[in-house]
Amino acid sequence: MNILIVGSGGREHTFAYKLAQSDLCSKLFVAPGNAGTASIATNLDISVTDFDKIKEVVLAENIEMLVVGPEVPLVAGITDFFKKDAQLAHVKVIGPSAEGAQLEGSKEYAKEFLMRYDIPTAAYESFTAETVEKGHAFLETLKPPYVLKADGLAAGKGVLILEDLAEAKGELTDMLTNEKFGEASQKVVIEEFLDGIELSVFVLTDGKNYITLPTAKDYKRIGEGDTGLNTGGMGAISPVPFANDEFMAKIENKVIKPTVAGLAKENIDYKGFIFIGLIKVGNEPKVIEYNVRMGDPETEAVLPRVKNDLVDLFVHVGNQTLDQVSLDLDPRTAVTVMTVAGGYPEAYNKGDEIKGIETIEDSIVFQAGTTLKDGNVVTNGGRVLTITSFGNDFKEALATSYKNVKKIQFKDMYYRTDLGFDL
């Protein structure tokens, strides 16, 4: 079948890498893609939210499956757009409806869903510009650190964790009245701080059945030791060493099953990935957030461990027959190290030539913020590319990734050298 992937990051390059290996894949397209996807698929210069242009390509190229990578087109309703159009309704779309995508599109919506189904999570309240003083009063009832979350989509950067009460009040005011994170912070959720170690669990569901993919741990802060500004993610390790069978059973019974059952009970059309951001508090899992797609860079560590034919898995999702699938996993650990442009996540350069990709051995390069210029691969985003490696444990895998990342060169390149420090 002909398949179109929507998106341009490392996640989408990883999807392309896996889908292209399948005998079921005839032609593969990526919109808009990057320099990495260009080598294994046909890139199309189309915005992820230009649904009319996407429709044109789907009809012109006889595309039978649409794999939606990022959250923005899902929240904007791309799945509904296909379902409601008679010419597109036959296409298998991997990604939830706009209603399902609200689990990521609105922190408040997600919190209300968690509370409805008794899924363990932090206590919270939400506030707007009109109730900012009530927000200040609520902060006074909490112990530091204080957690402030922009309600809407903020590219993984709309969360502040602050130690000082006065600073927290000031930031709340800034988010609500000055729209520090734009429209995303017209409403802000304040949560109690949960102390523990974080992990991500990925579920693929057809709306009735589900399979649990490998766990992963990502590293969001730009600086060593998890310091500095939040990023989209600086690297990931899969599986998470502390997520043993007993803990995973708790996650399945207390989080995954009620989540999938809740979506079904509310008749929410949900065929795709559920990314559950969790924290282990003592020996109990609590949900920090939902995302409605695979994580990036976790995808680059998780999917290479999945031995199943990814096209076949997605066909089962479309047919609601995931209960017929058993997951075949590589038992080794996979880690991915993200290289970023100097200055990221603030101002950074684009257009710098990247050298050394062809010299990488024993690792997989997944490109993210890259493009082709005069035949050369150049930087085109803050997060540039990842190096993914396997090992018998995370230290062995990391050693291989770090050895290879030294072969990559572009102006002001930066990466974290301490991944796994907390494991």
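Student: How many residues sit between strand 20 and strand 21 in their hairpin?

Tutor: Strands here are DSSP E runs of at least two residues, helices H or I runs of at least four, both numbered from the N terminus. Two strands pair if DSSP finds at least two bridges between them. Strand 20 (residues 370–373) and strand 21 (residues 376–379) run antiparallel and are joined by four bridges. Two residues lie between them, and Asp374 in the turn has a positive phi of about 55°. Leu372 has Val377 as its bridge partner in strand 21. This is a predicted model, so local features need pLDDT of at least 70 and side-chain atom pairs pLDDT 80 or more, while totals for chains, interfaces and linings use all residues. Residues are numbered from 1 along each chain as its sequence is written, and side-chain values use heavy atoms, without hydrogens or water.

Student: What span should helix 12 have?

Tutor: Take 1.5 Å times one less than the number of residues. Helix 12 (residues 394–405) has twelve residues, so it should span 16 Å, and its end C-alpha atoms are 16 Å apart, which agrees.

Student: Which strands do the buried residues of helix 12 pack against?

Tutor: Buried means under 20% relative accessible area, with exposed over 50% and partly exposed in between (1.4 Å probe, protein chains only). Contact means heavy atoms within 4.5 Å. The buried residues, including Phe394, Leu398 and Tyr402, pack against strand 15 (235–238), strand 18 (333–340) and strand 22 (383–391).
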